[in-house]
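Thank you all for coming.

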Amino acid sequence: MKYWNNFLELIGSFSDPKSLISSLIFIFAVTFVYYITFKFLKNNNSSNLITIFVLILFFGAVVLLLAETIPNGFFIVLPTLYIFFILIIYSVEIKRTIWSSQLSAEKTTTVDYDQQKIDNCINEIIKALQNMSKNDIGALIVLSNGNVPSQILDSGVRLNCDISSQLIESVFFPKTPLHDGALIINGTKIVAAGCFLPLTQKENLPKELGSRHRAGIGITETIDVTSLVVSEETGIISTVKAGKITRYADTEMLKNVLSKFYWQDLFAAGR
């Protein structure tokens, strides 16, 4: 068979050092790309896509063994197209992974898992959000687990202070120096305020969502954080996670989001 003969020729070419090195480099590169793809899909709980990927590889191998007229590159081209498909549907997750790996994150606080202290933080944040909502004061709060890059923290003013509704409201009071930026919460501390965030590049957002909402969405597309946004025009409170915005957040929804942040997200991050 054609491909069996080609395989034998390939084995025979290994006597040539240059051919051996180039073949090993090619095999290593392909294996590495496939490994990264499998690992990424596994981390994102995409077992169905893993199954499809394995079937594509198996199908390509069978076709190459049985068909005489299929080009050798078929085994590479088909999985490569599938990888491009994965890049498209997981663009947000990939962007977040790249951002997190390229920029150094700072672990600025250690969370004290005291029930009363955390309940107080949750109540203070909700109180501030609802007060600003009633008065149509725009706000953007980022709930982080110490994974916000230092470049973002340095774009604002470092505070590293306890959470209180009065402090949050004073930061976002109109015409104050820090009101246009984001306030970063890490555990039970406010670590920085007035920070500049990356804006989302989505084009299909409602017109009423301005730059504050775009920043709140953009940061969650690049880093595994949660954003809380208050609209300056309407007073509507929104929550954002992994690039997906949920509007009209009431007290119960805010409690659920904040409880998940303190008791699940922080704990999972090894805090």
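What you see is a predicted model, in which local features need pLDDT of at least 70 and side-chain atom pairs count only at pLDDT 80 or more, while totals for chains, interfaces and linings use all residues. Residues are numbered from 1 along each chain as its sequence is written, and side-chain values use heavy atoms, with hydrogens and water left out.

Side chains of opposite charge can pair when their charged atoms come close. Here a salt bridge means a side-chain nitrogen of Lys or Arg within 4 Å of a carboxyl oxygen of Asp or Glu, and a search of the whole structure finds six of them.

One of these joins Lys189 to Asp162, with 2.7 Å from N to O. Because Lys189 lies in strand β4 (residues 189-195) and Asp162 in strand β2 (residues 157-162), the pair ties together parts that are 27 residues apart in sequence. Helices (H or I, at least four residues) and strands (E, at least two) are DSSP runs, numbered from the N terminus. Lys189 is partly exposed at 23% relative accessible area, and Asp162 is partly exposed at 46%; buried means under 20%, exposed over 50%, and partly exposed in between, with a 1.4 Å probe and protein chains only.

Another salt bridge pairs Lys202 with Glu221, whose closest N and O atoms are 3.8 Å apart. Lys202 sits in the loop between β4 and α9 (211-222), and Glu221 is in helix α9, so this pair ties together parts 19 residues apart in sequence. Is Glu221 buried or exposed? With a relative accessible area of 3%, Glu221 is buried, whereas Lys202, at 29%, is partly exposed.

Let me turn to the cavities. A cavity is a set of points, on a 1 Å grid over the protein atoms alone, where a 1.4 Å probe fits but cannot get out, and its lining residues have an atom within 4 Å of a point.

Residues lining the largest cavity include Leu143, Ser144, Phe261 and Asp265. The elements that give two or more residues to this lining are β1 (139-144) and α10 (251-268).

Terms used: On a 1 Å grid over the protein atoms alone, a cavity is a set of points where a 1.4 Å probe fits but cannot get out, and a pocket is an open set with protein on both sides within 12 Å along at least five of seven lines; lining residues have an atom within 4 Å of a point.
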